[in-house]
Amino acid sequence: MTNKNLYYFTIIISIFSIFFFIYIFSLQNIINLWTYSEVHLNYSQGFIRRGFIGEVLFFLNSFGIKSNISFSTIFFFFYISNALLFFKILCKLTKNIWYQIYFIFNPAFIFFSFYDLGGYARSEVFGIFLALIHTLIYQKIYLGNLNLKKYFLFYYFILYPSIIISFLIHEINIFFIIFHIFLTLKVLKIFKQVKIKILIQFSLPLFILAYFLYISLTQTVTPEMLKNIYSSLPDTNNISLWIWEALLTPISDRSEFSYMTKPFSNVLYYSFIFLFYLIPVLYFLNIITKKQHKHYLYLILVITPFFFLFFIARDWGRWIHIIFMLIFCYHSLELQNDEKKLNFKRILIYLITVFLFFQIFFTRIPHCCNIVEKNINLIGGFGSKIIVLNKLIFKKIDVEKRFKKF
């Protein structure tokens, strides 16, 4: 085995081992009680927001597969898929091993939910999956390995049906649509097919998506409907009605932003966290891709929808993670691979290396909520997870204080 193959093998095994450990842990412990309750919403009382996975779980349950197994397995599959897609895209973006290691283990990217398990088993994993798939398809087109006909088939029979399903799983995934539209326009530009007739053809799935968006926004969900759905479940253990009621509360009735801005230092702290990761990430991505400044206008357009989430929901760390994943996907559309070397004095290179090591090994992005009020900080990362793993192995930690058992 060559050194290169050994490196790839080590990275893939590391990714698989980390998420497999979470998977095994999640089969016995509810890592995310909110999501576990949420995914049991279903269509037994008619169409209802976020009811798609509930239908899948209900169907699998009819074959004797328990909900906790289905739940854990579905999320494990998508987290592993996202991690491997991320790595594959990254390898096309840069051949530099040190850059690859930095992006793979960076707390803002694929291991965000590992460094803070409160961000695990969240429904944006499906939207991120489709963004990564579309990015990889674009890379193949950019390199001349895929023609327009095959992209057309992918667009109509895989991409948009999957986008609609991801929206039916959770409406948060609708915010990825700007990225997909932007990417499709870039594909048509490559094939020199930016014509009115073609644009109309490629716009048709958007009308179907708009229909589902309309019925989701105009539907009325009553407490009685939720109680009937709850009573129809084969197993209601660890499923909370009050969580359902909170999840389906209209946006106009929420005061999440008000909660997150008191005290205002919470906003400043999150802004610091965002810049703490953003500055080095953008710096290295700029080295790899040599993007022109005007292209950042398109990036702002792509990520702007997710900034609305900061006003309507309190999981600000999750929104930061999604934005970083889209920043990565956006930069992965450029494949020049003529990277510049770091033109720093040796002492500065050492300092930068120490900083990046510190960022990966000792910090994380808290997934939620008012971190000033709850006295949550940046400390975490790979180092803390090694300590926690050691305590779990030698049973020096009381898991039941933190997680409910199935």
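1. A cavity here is a set of points, on a 1 Å grid over the protein atoms alone, where a 1.4 Å probe fits but cannot get out; its lining residues have an atom within 4 Å of a point. Volumes are the space filled by probe spheres set on the points, with grid points joined across faces, edges and corners.

2. The model is predicted: local features need pLDDT of at least 70 and side-chain atom pairs count only at pLDDT 80 or more, while totals for chains, interfaces and linings use all residues. Residues are numbered from 1 along each chain as its sequence is written, and side-chain values use heavy atoms, leaving out hydrogens and water.

3. There are two cavities of 30 Å³ or more. The largest cavity holds about 130 Å³ and has 15 lining residues, with Tyr79, Asn82, Val125, Ile128 and His321 nearest its centre. Helices H4 (67-93), H6 (112-115), H7 (124-142) and H17 (316-331) each give two or more residues to this lining; helices are DSSP runs (H or I, at least four residues), numbered from the N terminus.

4. The second largest cavity has a volume of about 60 Å³. Its lining includes His40, Asn42, Leu233, Pro234 and Asp235, and helix H3 (residues 52-61) gives the most, with four residues.

Key
On a 1 Å grid over the protein atoms alone, a cavity is a set of points where a 1.4 Å probe fits but cannot get out, and a pocket is an open set with protein on both sides within 12 Å along at least five of seven lines; lining residues have an atom within 4 Å of a point.
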